Amino acid sequence: MSSKNREQILYSKQYPEVARWLNQCVICGSVGYKPEMPTKIFPGFLAENIRKLFKPLIVNEINLCNDCAKHWIKSMEQDNSEKI
Ligand SMILES: [Zn+2]
């Protein structure tokens, strides 16, 4: 585990409200902040710290990140073409 990961886990434990600003991909497990997170969350420096520790992560409606969504769609297409 990288020190960045450790920092992320420690920070999330210390500030449980961090979780509501995070997205997690259900396939690869990557975690990032929601792009719609405001630049400032009052009070304090939650948004600033989250931006320092995490990358932005967009997930779709079934909680897949862009990469996994692409692979998933591809594998679905392959499944379909095998059946035909
Ligand atoms: Zn993913």
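Select asparagine 63 to begin: in this predicted model, asparagine 63 has 13 C-beta neighbours inside 10 Å and therefore counts as partly exposed. A residue is called buried at 20 or more such neighbours and exposed at 12 or fewer. The backbone here also deserves attention, for asparagine 63 has a positive phi of about 60° although it is not a glycine. Most residues other than glycine have a negative phi. Asparagine 63 sits in the loop between H2 and helix H3 (66-83).

Next, select phenylalanine 42 and proline 43. The peptide bond that joins phenylalanine 42 and proline 43 is cis, with omega about -10°. Most peptide bonds are trans. Proline 43 belongs to the loop between strand E2 (31-33) and helix H2 (46-53).

Now move to helix H1, residues 3-14. Its end C-alpha atoms are 16 Å apart, in agreement with the 16 Å that its twelve residues should span at 1.5 Å a residue. Helix H1 is hardly covered, since none of its twelve residues is counted as buried.

Finally, display the whole chain. Three helices and two strands make up its secondary structure, and from the N terminus the elements follow the order α-β-β-α-α. The radius of gyration of the chain is 16 Å, well over the 12 Å that the globule rule gives for 84 residues, so the chain is more spread out than a compact globule. Along the principal axes, the C-alpha atoms fill a box of roughly 55 × 30 × 15 Å. Buried residues amount to 6% of the 84 in the chain. Of the contacts with a separation of 6 or more, 48% are between residues 24 or more positions apart.

Key: Residues are numbered from 1 along each chain as its sequence is written. This is a predicted model: local features need pLDDT of at least 70, side-chain atom pairs count only at pLDDT 80 or more; totals for chains, interfaces and linings use all residues. Helices (H or I, at least four residues) and strands (E, at least two) are DSSP runs, numbered from the N terminus. The radius of gyration is taken over C-alpha atoms; the globule rule is 2.2 Å times the number of residues to the power 0.38. Two residues are in contact if their C-beta atoms, placed from the backbone, lie within 7 Å. The expected span of a helix is 1.5 Å times one less than its number of residues.
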